[in-house]
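Dear colleague,

Please find below the structure that I am handing over to you. My findings follow it.

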Amino acid sequence: MPDVRTSVVETVRAYLSRARAAARIHQDGAKADLAATQARLERVRQAAAQRPARAAAERDRRLAELDARHTATLADLARRASLAGGMRAPGAAGEPWATWHPTPAARGEPPDLLRVGEIRIPRADAGRPRPRPGTFDTAPALVPLLDRGHVALVDNVQQGGDAVVASLLLRALGRTAHGQIDITGYDPERLGGGLAGFAPLAPAGLLTFVGPGGLTPLLDGLVDHIRRINETVLAGDYASLAEMAARTGRRPEPWRVAVLLGGDEPSRHERAQLDRILRTGAACGVHLIVRGIAVAEHETVEVIRVNGYRAEISGCGPLPVQLDPPPPAELVTATCRKIADRVSVGPAPAVFANLIPDAFWTEHSAAGLTAPVGDSPEGRPVDVTLADYPPHALIAGPSGTGKTNLIYAWMGALAARYSPEELAFYLLDFKEGVSFARFAPGRRDPSWLPHVRLVGVNVNTDREFGLALLRFLGRELRRRADAAKEHEVTKLSELRHEDPEGHWPRVVAVIDEFQILLTGRDALAQEAATLLEDLARRGRSQGIHLILASQDVSGIEALWGRPALVAQFTLRIALPKARRILHEANLAAETLPRHHAVVNADSGAPDANRVVRIPAASDRRVWSELQHKLWQDRPPWLGPPRLFDGDAVPRLASSPDFLALGPDVRDPVALLGESIDVQARSARLPLTRSPGRNLAVLGTRVDEACAVLAAAARSLARQHADGDARFSVACLDPDAAATAAALRADLPADTGWYDAEGLAALLPSIDPSLESGTARPHYLVVFAADAAAARLAVREGGRTGHEHLRRVLNTGPERRTHVLGWWRSVNRLRDDLGGTGSRTDAIGAWVALDVQGADLTGFFPQQGGPAWYPRPWRALYFDRARHRTPEVVIPYGLGG
Ligand SMILES: Nc1ncnc2c1ncn2[C@@H]1O[C@H](COP(=O)(O)OP(=O)(O)OP(=O)(O)O)[C@@H](O)[C@H]1O
């Protein structure tokens with residue numbers, strides 16, 4: 001048993017020993033853990049003890065950084081505010097008084113803000129927690145007044161307030177065009193003393209003082225003015241005068257600034273009027289500077305609280321403002337005196353540049369053409385319209401009063417507003433001189449006014465050219481009327497709407513000294529008057545407008561006989577001393593100063609007068625500057641205008657019809673000279689195989705006769721390949737020899753050359769009846785054919801030379817043999833044809849030079865011959881087969 005007990009004890013002991021050992025191990029582990037935890041705790045404790053100091057350092061670093069950034073931003077903002085301030089108040093709006101002088105803004109520039117002092121922005125140096133007292137950045141303290149609002153001064157010290165009022169007024173005066181600000185002063189306390197420095201403006205009407213008790217009428221007047229501007233000037237088209245000025249560059253009304261300096265408490269009516277002005281005045285250029293009268297808060301009112309030279313301005317927030325000192329008294333009076341002097345003298349002369357908009361070709365002419373021709377006496381632009389009403393204009397004034405200048409000004413203003421797609425000019429000057437030539441390319445200046453399609457100068461003796469223009473316009477009128485009918489509309493504005501792809505510019509035809517076209521009781525004047533009447537009546541709806549100018553009362557009288565025609569010219573422009581263009585009772589033109597015009601869009605009725613100052617627009621340099629700009633912008637499809645110069649001699653070699661000729665034509669055409677027409681066409685004589693297709697040039701003028709024959713022969717030669725046609729040249733007048741020889745040199749090499757003897761031998765040899773139908777053409781060009789009469793009278797082989805000549809004339813053309821001859825008188829031709837009573841039909845076409853119309857009786861279907869008064873380098877051409885009336889042609893120059 002003891003053994004059992006012993007064994008149990010030992011087992012338990014062993015078990016306990018193991019358990020103890022295990023517990024010891026656990027205890028050791030726990031101890032180690034405890035030590036580690038305690039060590040960590042100690043570390044955490046130590047770290048925790050260091051943390052507040054680090055956080056504070058970090059916080060301080062961040063604060064310093066923010067401080068520096070803030071300081072830099074503030075300095076930058078102050079710098080930028082200063083810069084921006086300078087830009088918003090340039091020149092006289094912001095300049096210090098020491099260097100101040102008026103700098104009026106340019107036309108159309110919006111008015112600036114006005115400086116009254118400087119904003120002081122406290123400067124905080126980096127690293128310093130607080131700004132150092134007395135250190136600050138500055139920016140101009142600007143106040144909006146003109147076109148923007150009103151200023152209310154709240155002050156208790158006189159000085160600073162006086163300085164603000166004087167600064168605002170002087171800066172506003174110096175920054176606007178002279179005379180563009182009307183000031184009214186209401187100063188019942190000091191009876192105007194508050195504005196004493198500005199008194200020199202009073203005599204020029206730019207400053208009015210209102211006495212005590214005058215506040216009501218003053219406010220009523222301003223309210224009335226605002227109403228008038230809204231009704232008649234802005235008229236619903238613009239929200240404000242500022243918008244009108246920005247869009248049109250025009251400011252038709254001056255600003256009105258009323259300075260109200262204290263007084264009794266306003267009545268209820270006055271307060272209501274004040275409120276109205278504060279609400280609505282700025283849009284109409286009416287502004288108040290109020291001091292000592294409490295005004296309602298309004299967004300348009302800038303409140304300045306003045307305390308000595310310190311102030312707070314509502315627009316600058318709480319930032320303190322240091323007010324500028326008042327402008328020196330002598331600067332104020334000297335400036336006001338200068339402005340008053342300038343305004344009393346009257347506005348500066350009207351300037352051509354003011355008629356030209358900043359941007360070209362922005363207007364559309366569908367409804368009409370509107371452009372200024374000058375300024376009103378107050379300096380405001382005066383627009384003139386050509387449309388359905390008024391459709392046409394008459395301009396009159398004695399020589400030298402500026403009609404041409406007015407036309408230039410008007411054309412410049414129109415051409416700058418309307419593109420060549422919208423407007424086309426046709427210009428004709430019957431005066432001697434070349435006033436419209438500048439619009440066409442010249443030798444020195446290749447530019448042209450892109451709107452001009454035709455220029456006629458030196459046409460005083462070529463009334464035919466005026467007629468040609470009217471015929472052309474008549475055709476254009478019909479073309480437009482037809483197009484309108486096709487689109488089932490009646491007016492140009494509707495046609496343009498229906499046919500947007502069509503090219504339908506408004507046409508303006510200007511005819512200077514138009515009466516020349518209508519003088520004389522001949523058929524030409526009759527036709528011209530009838531065409532004019534038709535154009536004037538029907539042109540209005542088709543966008544064809546006439547501007548007729550005349551220096552001579554007879555010009556107007558030429559129209560007076562046609563009341564229906566005159567009635568269409570409802571727009572009348574009278575230059576000084578122009579008579580009979582306005583209504584009889586309208587004497588406005590009598591007293592008109594130089595370079596002025598009365599524009600009247602109601603047929604001259606006195607009520608419709610508008611006096612306009614016309615700018616000088618004739619200066620070539622100024623004009624060509626504008627023309628060059630417009631020319632550079634011209635559309636690529638637009639060619640130069642046709643220039644018809646009555647003094648110039650046309651050249652065959654450069655005439656379009658000559659250049660278009662080529663060989664192998666069926667019926668050759670002889671070109672005889674240039675037609676007087678809107679296009680540079682040649683007068684043509686078709687040489688068909690019909691009887692009478694010969695030409696007689698008649699008259700004694702050698703050069704012109706030679707020119708016609710040479711042009712005819714040269715143009716024929718161009719239509720035949722070498723050898724295809726035969727040319728024979730006979731020259732029987734030594735004066736014509738040089739031309740004839742030069743011609744021969746240009747004709748085919750086998751061209752025959754004959755004198756009288758040779759001609760007498762040649763004629764019998766020409767036997768057209770023997771030629772076959774395909775015979776080659778033969779042109780017999782005879783210079784001074786009559787000089788061969790004695791030789792041709794000789795009978796040889798049973799026949800005289802004359803008989804041979806007549807045979808060739810009579811039977812030649814059918815066989816392609818044509819005589820192109822020059823006879824120095826009609827009678828000599830008649831003799832060559834067989835004497836008085838002989839047949840003349842072999843001469844189917846003639847060109848008369850210095851030959852009286854009556855002499856041509858036998859060669860012209862009507863009794864008495866054609867109406868023809870010979871003039872230098874002009875010829876009358878008649879082709880029995882084609883003409884009803886003869887046409888005037890200009891021979892091509894002998895130079896080729
Ligand atoms: N508004 C103006 N301002 C300055 N100069 C002008 C003005 N109008 C005309 N002139 C000048 O007066 C002169 C005569 O002008 P213009 O040739 O236009 O007159 P006109 O009536 O057409 O004369 P005429 O019928 O004899 O040709 C020109 O030298 C012109 O430059």
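Since 14 of its 16 residues are buried, H16 is largely enclosed by the rest of the structure. A residue is buried if 20 or more other C-beta atoms, placed from the backbone, lie within 10 Å of its own.

This is a predicted model, in which local features need pLDDT of at least 70 and side-chain atom pairs count only at pLDDT 80 or more, while totals for chains, interfaces and linings use all residues. Residues are numbered from 1 along each chain as its sequence is written.

The protein chain contains 21 helices and 33 strands, taken as DSSP runs numbered from the N terminus (helices: H or I, at least four residues; strands: E, at least two). Of its 896 residues, 43% count as buried.

Around the ligand there are 15 residues, of which Ser399, Gly402, Thr404, Asn405 and Ala616 come nearest; a residue is near if its C-beta atom, placed from the backbone, lies within 6 Å. This shell comprises three nonpolar, ten polar and two charged residues. Ala, Val, Leu, Ile, Met, Phe, Trp, Tyr, Cys and Pro count as nonpolar, Asp, Glu, Lys and Arg as charged, and the others, Gly among them, as polar.

Definitions and conventions
Buried ≥ 20, exposed ≤ 12 C-beta atoms within 10 Å, placed from the backbone.
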